[in-house]
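Subject: Handover of a structure for your reading

Dear colleague,

Please find the sequence and the structure below. I would ask you to keep them open while you read the notes that follow.

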Protein chains: 2
Amino acid sequence: MARKQGSHADITGPKVRDAALRLFARHGFAAVSMRQIAAEVGVQAGALYLYTSDKQALLFELMRDHMEELLADWQAPDAPPTDQLEDFVRHHIRFHLGRPELVFIAYMELRNLTPENFAVIEGLRRDYEDRLEAILRAGQQSGVFAVPDTKLATMALIAMLTGVTTWYREGGRLNRAAVEGIYWDMVRKAVAA
Amino acid sequence: MARKQGSHADITGPKVRDAALRLFARHGFAAVSMRQIAAEVGVQAGALYLYTSDKQALLFELMRDHMEELLADWQAPDAPPTDQLEDFVRHHIRFHLGRPELVFIAYMELRNLTPENFAVIEGLRRDYEDRLEAILRAGQQSGVFAVPDTKLATMALIAMLTGVTTWYREGGRLNRAAVEGIYWDMVRKAVAA
DNA sequence: GTCTATATTGTGATAGAC
DNA sequence: GTCTATCACAATATAGAC
């Protein structure tokens, strides 16, 4: 099987992305070289530049696509605040447990973005936080939640929920559904009136 | 004032540590060069090796000292579980808000430790988690807490509390005492029976 | 589309003058 | 104790052959 000839743009492109994702998550953006990515894909370093303009674009596109998928994947249901919150919590855990490497990168590699790219990702993060805060504010106003500061509660809950990716292991003591349920139980009590 | 002569080991040593702390926190361990650290201190790159055996030791000692200080700085008071938990929560927030750069490094740079160094830090982290879990178990047994899974609750609470360093800014809308109080309120409710 | 080769710069670490 | 100079190598990115 020839490896030096023929067109593979539609195959190699995604493979470059995947290799970068895996390596960035494991060793960190700054610690990974283009040569390592190329070796993982099975091409020479120079060939990577057919699929990305540079290393920074590789990181940025990974993070941007991740955040856009997170935002596109969940819309607040037309329901009371408590039900909206449960839906948000369960979706957040499910989504994050499904792509631990992207979650890790999206949080750890913010400081390796150029200022312009950072501003874009920061905006997307803000959009996501605002959705949770809107739920908390609605519940606060209708009296089902007692949250002294909705912004602080938003940050606290997102940190708590996202942290699940740091310890959860597939095939461990608890399955995903059980984890979802336990987290929801803690969140529900924490914000309850 | 001569810069090339004289003994400054007791001054330059800590300055190297401080510069490494600041730069690692801002740009990440892998992205910082020994030359950058030397420039920040005001010496030549070669002179750094009088104060550290290598770059890895710089990172490891920063993290180890931080974790050991965290463990030395708090002992569970002889009190009911609810009071112990409040003491833990308030101390955790106070300690972490006091050294945001070390907290950041201790969490983000785990993967840049050699396997041997990683094992040491991981052990210290485990010791700290065990203290919180012991409180939750005691409260669970005496019936004042209702926690379906003490290990999961431990990880969830630590993630929530440590997350305070990602958004808290000195001189902002809330002062440290107010933040402590709000977090404690959420934790108290989240684990309450 | 991928290769080899290369330009240019930067890296961690060490040796030896002062 | 700090300097300058240097080693040996790795980095990103590009050019041009095939």
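The contact between the two chains is formed by 38 residues from chain A and 38 residues from chain B, where contact means heavy atoms within 4.5 Å. This is a predicted model, in which local features need pLDDT of at least 70 and side-chain atom pairs count only at pLDDT 80 or more, while totals for chains, interfaces and linings use all residues. Residues are numbered from 1 along each chain as its sequence is written, chains are lettered from A and ligands numbered from 1 in the order in which they are written, and side-chain values use heavy atoms, with hydrogens and water left out.

The interface

Together, chain A and chain B bury about 3000 Å², of which 67% is on carbon and sulfur atoms. Buried area is the accessible area (1.4 Å probe) that two parts lose on being put together, summed over both. In chain A, the residues that lose the most area to chain B are A:R111, A:L152 and A:M186, together 23% of what that side buries.

Four salt bridges are counted between chain A and chain B; a salt bridge is a side-chain nitrogen of Lys or Arg within 4 Å of a carboxyl oxygen of Asp or Glu. In one of them, the side chains of B:D149 and A:R173 meet at 2.4 Å, N to O. On the side of chain A that touches chain B, at least two residues each come from α1 (9-27), α5 (100-108), α7 (150-162), α8 (164-167) and α9 (176-191). Helices (H or I, at least four residues) and strands (E, at least two) are DSSP runs, numbered from the N terminus. That side of chain A comprises 25 nonpolar, five polar and eight charged residues. Here Ala, Val, Leu, Ile, Met, Phe, Trp, Tyr, Cys and Pro count as nonpolar, Asp, Glu, Lys and Arg as charged, and the others, Gly among them, as polar.

How the copies are related

Two copies of a chain are related by a rotation about an axis and a shift along it. In this model, chain A is superposed on chain B by a rotation of 180° with 0.0 Å of shift along the axis (RMSD 0.0 Å), which is the relation of a two-fold axis. The same surface serves both copies, as 100% of the contact residues of chain A recur in chain B. The superposition is by least squares on the C-alpha atoms of residues with pLDDT of at least 70 in both copies.

Within chain A

Chain A has nine helices and zero strands. Its C-alpha trace spans about 65 × 40 × 30 Å along its principal axes.

An unreviewed UniProt entry places the feature "domain: HTH tetR-type" at residues 10-70 of chain A; such annotations may be inferred rather than shown by experiment. This span is 69% helix and 0% strand, and its end C-alpha atoms lie 25 Å apart. The unreviewed UniProt annotation "DNA-binding region" covers residues 33-52 of chain A, where the chain is 40% helix and 0% strand.

Over all chains, the structure holds 26 salt bridges. In one of these, A:R99 pairs with A:E69, the closest N and O atoms being 3.0 Å apart. A:R99 lies in the loop between α4 (81-98) and α5 of chain A and A:E69 in helix α3 (residues 55-72) of chain A, so the pair ties together parts that are 30 residues apart in sequence.

Yours sincerely
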